[in-house]
Amino acid sequence: MTPDQIRIAFLEELTNVAPDIEPDTVGPDDHIQDDLGLDSMDVLTLVTALHDRLGVDIPEVDYPRIATVSLARDYLVGRLA
Amino acid sequence: MAVFTMPSLGADMEAGRLIEWLVAPGDTVARGDIVAVVETQKGAIEIECFEEGTVRELLADIGSDLPVGAPLAMIQAEGETIPEAVVAEQATTVEAEPPVVSAPAPQPVAPIPPWTLQAPAAGVVPSSPAARIRAKQLGLDLANLKGSGPGGAIVLADVEAEKAPQTKRTPQEEMRRAIAAAMTRSKQTIPHFYLSQTIDVTPAMDWLASFNEGKPPSERVLLGALFLRATVLAAAKVKTVNGHFTEEGFKPSDKINPGLAVALRSGGLVAPAILDAEQMGLVELMAAMRDLVARARAGRLRSSEMTEGTITLSSLGDTGAESMAGVIFPPQVALVGIGAPGLRPWVIDGTVAPRQLVTLTISADHRANDGRQASRFIAEFNSLLSSPEAL
């Protein structure tokens, strides 16, 4: 997968968890908790979905590394390489 | 033969709109089977059947608004044969039964002496006080209204009829109204008191981090699940916080069905219950929480989850205010409110150390509990959370 495909996949799973968020309004540096209002249950649901879709198991200690779309893309690219 | 009627869907709900039938005449139903879906102010709720047997007839149409007690279906018990005469009689009996009324009976009033109409002063529009207040609220000029009261006076009904036709409320607005009604009723009828305690959750969070390490996301447990488990175990020890308060007084419940306050992204709040939580271990409870939150957000909760909660846990989550003194959901008698955790100074072994602390506040119904029971609950909860491996 290309980095952009990974970014889109992350954004899709993010908006699945929070259907009220329009993908076009999400900035690359918007914090999923502080700015987009996801709580710990949402984050766990997101991480589970990413695991199912991309096969990447994100441990709790790495949660801060997927806190924005930009960070998440870079992290997932690294994990999938 | 029994008529299955519309069940009450919560303390504040009085009616719902039938949107889907999930059974047809001829189907067999068991107690607890989901038979229909009803749209309410709190979203779509799946209605569970109380009767067992075979569906003989569906008595309500899709799209109809059904108050609590409205007939939904005729269920024939196994082995029962019904003579036609009884069926006809039952149908009329059902129609004659008035819908369930929750308002108290009006107080008898002393007879009012006969009232003579006095001619109004020139230029004054005759109107009732209620009409005048309402017109002022709505910004209407009484001079423009036609009165239907005595002597052409304008009464409240005239003002109400004049106001702009109400635009249909959004589901979010409907939910807000439902929450407003429930919370108002709670504060008006339940004598609340509150007890708080700061709890060191460092052992719990450390234990959680090591429990979750190496586990795939689908098997991880959240701090909220630990709080829920501690609530269940503490409620098992302090039975006066777990149950319902009705006209007959407080009735403790054998089962512990903790309600979970779930914030909806659209801005609403529901508090569906996990049934029989005392039977579940921590991992099972976490799975039940995930499922409940997902269904709450999708708007697919079951009627039993809306009505059989025996105590509610409301946690602000990871970020937010440090404590919450919440409003009890009637007919429950307690609400456990937990603020967001924060790293704060604490005293351990005589020295000050930074620890992860949360503030727990129990809101309790003073008719069912006093300070002693509420204190015991907090002490149990605290003790359980300090040994998380035992949860």
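## A guided tour of chains A and B

Over all chains, this predicted model holds 20 salt bridges, each one a side-chain nitrogen of Lys or Arg within 4 Å of a carboxyl oxygen of Asp or Glu. Because this is a predicted model, local features need pLDDT of at least 70 and side-chain atom pairs count only at pLDDT 80 or more, while totals for chains, interfaces and linings use all residues. Residues are numbered from 1 along each chain as its sequence is written, chains are lettered from A and ligands numbered from 1 in the order in which they are written, and side-chain values use heavy atoms, with hydrogens and water left out.

**Stop 1: where the chains meet**

Show both chains and select the residues in contact (heavy atoms within 4.5 Å). Now select B:Pro217, B:Arg220 and B:Arg265, which supply 44% of the area that chain B buries against chain A.

How many salt bridges cross the interface of chain B and chain A? The rule finds four. For one, select A:Asp20 and B:Arg265: their closest N and O atoms are 2.5 Å apart. For another, pick A:Asp39 and B:Arg297, whose side chains meet at 3.3 Å, N to O. This pair runs from the loop between α1 (3-17) and α2 of chain A to helix α7 of chain B; helices (H or I, at least four residues) and strands (E, at least two) are DSSP runs, numbered from the N terminus.

Next, go to A:Pro59 in the loop between α2 (40-54) and α3 (69-80) of chain A. Setting aside neighbours within four places in sequence, A:Pro59 is in contact with A:Tyr75, A:Arg79 and B:Arg220.

**Stop 2**

Select B:Arg300 and B:Glu46, a salt bridge with its closest N and O atoms 3.5 Å apart. B:Arg300 lies in the loop between α7 and β15 (301-302) and B:Glu46 in strand β5 (residues 43-48), so the pair ties together parts of chain B that are 254 residues apart in sequence. Is B:Glu46 buried or exposed? B:Glu46 is buried, at 13% relative accessible area, whereas B:Arg300 is partly exposed at 31%. (Buried means under 20% relative accessible area, exposed over 50%, partly exposed in between, with a 1.4 Å probe and protein chains only.) Both belong to a network of salt bridges that also includes B:Glu20, B:Asp291 and B:Arg295.

**Stop 3: the nonpolar core**

A nonpolar core is a set of buried Ala, Val, Leu, Ile, Met, Phe, Trp, Tyr and Cys residues joined through side-chain atoms within 4.5 Å. The largest has 111 residues, and B:Phe377, B:Phe381 and B:Leu385 have the most contacts inside it. Helix α6 (residues 223-237) of chain B gives the largest share, nine residues. Centre on B:Leu385: beyond its neighbours within four places in sequence, its contacts include B:Ile199, B:Leu226 and B:Phe227.

**Stop 4**

Colour α5(B) and find its buried residues, among them B:Trp207, B:Leu208 and B:Phe211. Their cover includes β9 (192-200), α6 and α7 of chain B. Finish at B:Ser186 in helix α4 (residues 171-189) of chain B. B:Ser186 is buried, with a relative accessible area of 0%, and touches B:His192, B:Val327, B:Ile328 and B:Pro330, not counting residues up to four places away in sequence.

Key. Buried area is the accessible area (1.4 Å probe) that two parts lose on being put together, summed over both.
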